[in-house]
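Student: Please give me a close look at one part of this model. Keep it brisk, and tie the details to the whole.

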Amino acid sequence: MLATPTRPDARSAPPGTAPRPPRIPAATWAIPLFYLGVTLFGMWWIDIRPGAIAAGLGDIARLLDRMVPPTTGPVPSLLTLVVETLWIAIAGTGIAAILSVPLSAAAASTYTGPRWVQWLCRALIVVTRAVPSLVFAIIFVRIFGLGPLAGALAVSVHSIGMIGKMMTDVFEEQSPQPREAIAATGATRVQAFFATTMTRALPQVSSFVLYRLDINIRASAVLGLVGAGGIGVALQTAIGSLDYRRAAGIIIVIIVLLMVLELVSFLVQRSLAEHSDTSTASQVFVPGKDAATPGWSTARGARALGVAAAVALFLAALSTLSIPFDRLARAGENAGALLSGFVPPVFTMDIAYGIFESVLMALTATSFGVVIGLIIAVLSTDHLVRARALGGALRAAVVVIRGVPDIIYALVFVAALGLGPFAGFLALAISCSALAAKFFTDALQNIDPAPLRALEAVGAGRLQAFVSGVWPQFVPSFIGNSLFTSDLALRESAVLGIVGAGGIGFLLQESVASVDYQTTAGILIGLVAVVVALEQLARWARRKVI
Amino acid sequence: MTADLTGPVSPAIPRSARTGPAAASITLAQVSKRFGDNEVLHGVDLTVRPGEFVALVGPSGAGKSTLLRLLNGGHLPTAGTVEVLGRNPAACSRRDLRELRTRIGFVFQQFGLVGRLTAMENVLMGALGSLAMPRYGIMTYPRRLRDQAVENLERVGLLEQRFQRCDTLSGGQQQRVAIARMLMQQAELVLADEPVASLDPAASISVLQTLKKLSAEDGFTVVCSLHQVDLALAVSDRVVAVRGGQFIMDTPTAATTEQDIRAVYAEHGSR
Ligand SMILES: Nc1ncnc2c1ncn2[C@@H]1O[C@H](COP(=O)(O)OP(=O)(O)O)[C@@H](O)[C@H]1O
Ligand SMILES: [Mg+2]
């Protein structure tokens, strides 16, 4: 009761009416209940028992034993693959950023062209968002052959959906006046778009593209598992030849690479944030050699250099893709065969079973991850638990665990425990825990500590103070972030089958390998439908709660 | 006060001279505009001669913005004919309409500037209609247009602020940037929809006087909607009052009193 007045409730009673307890939205208890039900069923289906986990720990220990001491094999070839990974991510992200511009312009509600163009662009964004890069990689390897070209295209197609969605939102939020003003001068729609819409969107778009690059480097590190180039190729070879010491060495190289990039991206983001501070200074240019020419200042030089470097990197990345022009005709044939093989798509019980298993793995892992993540988050939030050392260590561990792609956990668990959804579940549970821990820690840091202090002052115990003083403020973001976590887990769980960790991924890869494209089409359609449906459901639920 | 803002301007040859002295800038004949069931303008007639400064007054919802949009092809009339600068927007192809619009400047209440860009870049955008491709950044515009942009910024008194972000300028300065952008079109007709409604009184009169001076120098025609009576009387040659979708008054400013215009806004007005 003490906590009630501090609850940030938008629908507080109007003045003058008798105070009523705030109505708790049904979704606040219905969503956790739904997850609990799914989790209990999932535990039975996947066969998650404390005994199995204990036995698994023994198997994992034995595997780790076979992994030490890790070796890397020949270093130069490994470094080449590391660099190839970066080129794939840069090329893929750049291509996606460029293609997203016209696509988002046409998908936005402000578009005034033909309706069917708008709906086509919207559909493209939804579908490419729903299908993970690794799935595109499987398909593009079939079309373009093994190598980084397939990888870069896979990364770019998935990113088109991600960047396109974000750009569309930014365009739609803008006020229409500048665009209308320029259109009224007799400029073309394209001119008005670049002069007003795109220039205003640029700061948000460029920071989102950088963020996406960060994610795409992670994705590129594992594309090699399906032959689409990068460091993952070496990992696949090592595991295929049961050389676990080498596999361990490569995994360590991947982790170190991703950690270094984490640091780089942190530094870049910080300097961008500082730069955006200075660029809000009113004078953008210093006077130049004449009134109509802006002069060069350090800030303008830095801006120009940054843009030039980004363009140069992108062009260099494109040039390393070694587009096989001689085989491009073949690629066209392959693409034609693939697309014509898609019709009519077939839907079998196996497909339904695979997708069902993927969903179950994802939701069950989310439940475990959310609980574990919450515990980690509470322990690493300073104003809840006063243990700075523990908090710092936990936060560092979360960063490291989050840095490793899910499918690498899955690889290790499959090697230790054998094929099946149990390995996939464990991999997802680990990544969900780290992800949820990060979200929850951020949310808890931002909570108003006043009610907590007040409760402690009146002699409430730690747990009482948390339940009454913190929890009510935290619930909306808890549920929102949990739904977001399960959204991400679902996409991941769809590809874990590629390494045999359960779900639809195995059947998907098999269908492409055995040229059974009708099944591939059925899987893709089913996957898009389920991902989009669950995303809409999550969005609806989030609106109910927040 | 505004006399020495002129700068190095070429002696103004009224652009309207091209179409011949007899041709009207604007001719509306029995023009009606309907949105769904709501008829906003009921068969209005209007002729505006080249070089005139017409103030359009009337209560909010009277149909002033609708009228101005009919004049630049933003709306098409439901009935009647609109002729602007010798063209009928309703009969124009999309390309012709763009060509016509390059000859018509438009000044908005909300300025329509890109806040994160400099005044110079915003002014240069006014020339896009005469260029083929999209542009990004000052240096992508040809020298001739950049010089013209500087000159126009000087004419509105903002030479010093040319490299300043527009969202750091005052409201009055922002509207001046929008006017300099409009000057890039070298328009024959300028439509202004409540251009000073977001400005304080001092900035309002100063912005309107600038517009008046520029129109006198360059010879462009102005149709400007206003809701402040004193401002309308201070700058216009002619006052047209709109109410309930009809013109209820159309008199030379010299022969109009404040009382005449106040009657337009009165709850139960004349007529
Ligand atoms: N695009 C439109 N669609 C529907 N109704 C409109 C539209 N534009 C204006 N109207 C209506 O026309 C009437 C006159 O509006 P407007 O021309 O903006 O008046 P004013 O500018 O004199 O305040 C108002 O009732 C308004 O609701
Ligand atoms: Mg209006």
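Tutor: Helices here are DSSP runs of H or I with at least four residues, strands are runs of E with at least two, and both are numbered from the N terminus. On that count, chain A has 20 helices and 2 strands. The model is predicted. For the complex, the predictor gives an ipTM of 0.90 and a pTM of 0.86.

A compact globule of 546 residues would have a radius of gyration near 24 Å, and the 26 Å of chain A agrees with that. Its C-alpha trace spans about 75 × 70 × 50 Å along the principal axes. Of its 546 residues, 49% count as buried. Take the contacts in chain A with a separation of 6 or more: residues 24 or more positions apart account for 78%. Chain A exposes about 25400 Å², and carbon and sulfur atoms supply 71% of this area. Its charged side chains number 37 positive and 29 negative, with the centres of the two sets 6 Å apart.

Now chain B, where the close look will land. Chain B has 8 helices and 9 strands. Its radius of gyration is 18 Å, close to the 18 Å from the globule rule for 271 residues, so chain B is as compact as a globular protein of that length. The C-alpha trace spans about 55 × 40 × 35 Å along its principal axes. Buried residues make up 53% of the 271. Of the contacts in chain B between residues at least 6 apart, 69% join residues at least 24 apart in sequence. The accessible surface of chain B is about 11300 Å², and 50% of that belongs to carbon and sulfur atoms. Chain B carries 29 positive and 26 negative side chains; the centres of these sets lie 7 Å apart.

Check confidence before zooming in. The average pLDDT of chain B is 89, and 90% of the residues score at least 70. Residues 1–22 of chain B stay under 50, and the model has 27 contacts beyond four places in sequence for them. Where pLDDT is low, predicted coordinates should not be read in detail.

Here is the close look. Ser215(B) sits in helix H6 of chain B, which covers residues 201–218. Its relative accessible area is 7%. Buried means under 20%, so Ser215(B) counts as buried. Leaving out residues up to four places away in sequence, Ser215(B) touches Phe53(B), Phe220(B) and Val222(B).

Notes
Residues are numbered from 1 along each chain as its sequence is written. Chains are lettered from A and ligands numbered from 1 in the order in which they are written. This is a predicted model: local features need pLDDT of at least 70, side-chain atom pairs count only at pLDDT 80 or more; totals for chains, interfaces and linings use all residues. Side-chain values use heavy atoms; hydrogens and water are left out. The radius of gyration is taken over C-alpha atoms; the globule rule is 2.2 Å times the number of residues to the power 0.38. Buried means under 20% relative accessible area, exposed over 50%, partly exposed in between (1.4 Å probe, protein chains only). Contact means heavy atoms within 4.5 Å. Accessible areas come from the Shrake-Rupley method with a 1.4 Å probe; for residues, only the protein chains shown count as cover. Lys and Arg count as positive and Asp and Glu as negative; His and the chain ends are not counted. The place of a charge is taken as NZ of Lys, CZ of Arg, CG of Asp or CD of Glu. pLDDT is the predictor's confidence in each residue, from 0 to 100.
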